[in-house]
Number of protein chains: 2
Amino acid sequence: MATNIRDVAKAAGVSVATVSKVLNGYTTVNQKTKEKVLRFVKEMQFQPNSAARSLVGRRSMTIGIFLTTGLSHPFFTEILSGMEEALKENGYDLIYLAQFSWDNKEYSFVRHCQSRNVEGVVVFGFQHEDMSFEELIESNIPTLFIDLDVKEGRAGYISSDNEEAVERAIGYLIGLNHRKIGFLSGDKASYVTRHRFDGYRKGLAEAGITYREDYVAPGDFSREMGYQGMQKLLALSDRPTSVVCCSDMSAIGAMEAIRDAGLSVPEDISVIGFDDIEMASFVRPALTTVRQNMKHIGRKSIELLDRLIVDKELAPPEAIVPTELVVRDSCGPAKA
Amino acid sequence: MATNIRDVAKAAGVSVATVSKVLNGYTTVNQKTKEKVLRFVKEMQFQPNSAARSLVGRRSMTIGIFLTTGLSHPFFTEILSGMEEALKENGYDLIYLAQFSWDNKEYSFVRHCQSRNVEGVVVFGFQHEDMSFEELIESNIPTLFIDLDVKEGRAGYISSDNEEAVERAIGYLIGLNHRKIGFLSGDKASYVTRHRFDGYRKGLAEAGITYREDYVAPGDFSREMGYQGMQKLLALSDRPTSVVCCSDMSAIGAMEAIRDAGLSVPEDISVIGFDDIEMASFVRPALTTVRQNMKHIGRKSIELLDRLIVDKELAPPEAIVPTELVVRDSCGPAKA
DNA sequence: CTGAAAGCGCTTACAG
DNA sequence: CTGAAAGCGCTTACAG
């Protein structure tokens, strides 16, 4: 049906081996021959069968993607758009191994990758306790974790600079004379939450403010838990005048709780979000938040993975991406 | 490295052919043999190399996806989550052919599909005028278009019932005594806009209302154009008391224009959106809108495609998915 | 019911 | 510089 290497060899009057060599950039082939072959390749729109190629041990040029959340995680969308660019630039296609599910113990993700001849894997949405990555690490498949600090064998990771981000947010609030600053936590088990919490403590410490446990409300990034967490903070006799949240969604929930308590943002309480999702600029007051450069993270994750794939000796990378504080209308000076 | 069919054949003490046969469900193999083979397959976690499989003409179990928008289209996210389920149920993996770009004339998407041995393709985000689908149609690769009425060869499509949706929205407004109903158009060239416009005219006609060209504002689904389009409508001496929009984003833009003109929703003007994106329930007033069942569309698109792949004789499908009017706070009775 | 052999489309030593 | 041949891991007639 579709043209194969033999067709173009025949058309060009050379052997299959020669066509293969020009396709693979061997320098030993004569310039004239090379040009002739290339002409036919182009004319016949020949594109080598990737299955045959990977079968003989050549590169498959596919990267697998592995998510807890499914492809539809709102957040992942932006990561993807960054990945796309880098994928294209480096010649990869992206394969989503839909067959996999964690709960199926009979099934091995690693085996699936191998059966698909995937060259590398991006992993997103997992926490350490979710599972053991042993099999993946031992398989030696180049792997890049997003937002999880795995650095072992041929696996590295990339994440925002979560600690510095919150530290800076705290600094901003302190500049507005806040001293009573609450923290609306994300999922406790999560890598990013831990680092954001570290940033919180560090920011406080730098300003000489004593850490108060009751100023930290539990959460899980959701709007609902943001609402509930904020209610707890509001119930305090000596309640905070500001709060930094581990996600925009929970910040939005917090703002609702504040409003429902008859208070207002930012007059009574200042709130800072995290992520800068689209909605952050839509809510009223528009949310001041930490912008994560997810697009960059997506692009970089592919670039790092590519290097890991190409260079077998490369030490696993560890990339920390700067964030940006986007100041909008949800923070104001602390009430005296 | 990874175990192959020869390893399990050896372990089970049978020939490679026999292993292959049990793997492929041949009924000619002895029950005992079959069980033995299966035991080793499981024990050794054997998973056949998909490259070798597709090379011999067996199914590759991959579906390609083809988008104008990139994977990160906010809308596509929900479609994907529906696709995921159906992909899993039917044993496919999803491959995103990142290498492709429309502007590259040297490059053929069809050839890329062929070189990847993709069994079917889902196409999303294109309009008729964007390009010619000739090559794709002629290739006879089973194809499913989302939101574009291509039905030819082995290509079919799926879309929401756009016409009925707007017709019903109009009916709802008429029930609120509106007679002056505007239409905020989406991209003129788009399939969905055309059908929504048809629904608009039909809804009007059913209520015996004369169509007025000046009640139709141009747009492109964006917030900005929603804002501008609404401004045009507001400038009319005899302005509409309500407007149905071709997207939630443009409805949000329209609400801003109304507010900026010193009017309010729904007291002065009622507005209806389209899509029911997450933000629709966040804006104030919460947006009454047409909910598209994108998840169902995603799931169904894979199911239909699977049938098309499996049954070579199947006529190309055409699926129209019902919508739902989600009533929130952006519509009220027409002012007398 | 089972297995030996050919072949899918490529690449890569190897010989010339 | 070029090509014949072996082989990647599988499946499928075919013979037994």
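**Helix packing and cysteines in a predicted model**

At 1% relative accessibility, Cys245(A) is classed as buried. The model is a predicted one. Its cysteines form zero disulfides over all chains, and two helix contacts, one in chain B and one in chain A, are described below.

**Cysteines**

- A disulfide is a covalent bond that joins the sulfur atoms of two cysteines.
- For Cys245(A), the closest cysteine sulfur belongs to Cys246(A) and lies 7.9 Å away, which is too far for a bond, because a disulfide needs the sulfur atoms within 2.5 Å.
- In chain B, the sulfur of Cys246(B) has its closest cysteine sulfur in Cys245(B), at 7.9 Å, again too far for a bond.
- Cys246(B) is buried, at a relative accessible area of 1%.

**Helices α2 and α3 of chain A**

- Helix α2 (residues 16–23) and helix α3 (residues 31–43) of chain A pack with axes 10 Å apart, at an angle of about 85°.
- Angles of 65 to 115 degrees count as roughly perpendicular, so α2(A) and α3(A) are roughly perpendicular to each other.
- Thr18(A), Val19(A), Val22(A) and Leu23(A) of α2(A) make the contact with Thr33(A), Lys34(A), Val37(A), Leu38(A) and Val41(A) of α3(A).
- By class, this contact has six nonpolar, two polar and one charged residues.

**Helices α8 and α9 of chain B**

- The axes of helix α8 (residues 162–175) and helix α9 (residues 191–206) of chain B come within 7 Å and cross at roughly 40°.
- The crossing of α8(B) and α9(B) is right-handed.
- Residues of α8(B) in the contact include Val166(B), Ile170(B) and Ile174(B), and those of α9(B) include Tyr191(B), His195(B) and Leu204(B).
- The contact of α8(B) with α9(B) has seven nonpolar, four polar and six charged residues.

Notes. Residues are numbered from 1 along each chain as its sequence is written. Chains are lettered from A and ligands numbered from 1 in the order in which they are written. This is a predicted model: local features need pLDDT of at least 70, side-chain atom pairs count only at pLDDT 80 or more; totals for chains, interfaces and linings use all residues. Side-chain values use heavy atoms; hydrogens and water are left out. Axes are lines fitted to C-alpha atoms, for helices over the stretch in contact, and angles run from 0 to 180 degrees between N-to-C directions. Helices (H or I, at least four residues) and strands (E, at least two) are DSSP runs, numbered from the N terminus. A crossing is left-handed if the near helix is turned anticlockwise from the far one by less than a right angle, and right-handed if clockwise. Contact means heavy atoms within 4.5 Å. Ala, Val, Leu, Ile, Met, Phe, Trp, Tyr, Cys and Pro count as nonpolar, Asp, Glu, Lys and Arg as charged, and the others, Gly among them, as polar. Buried means under 20% relative accessible area, exposed over 50%, partly exposed in between (1.4 Å probe, protein chains only). Angles under 35 degrees count as roughly parallel, over 145 as roughly antiparallel, 65 to 115 as roughly perpendicular and the rest as oblique.
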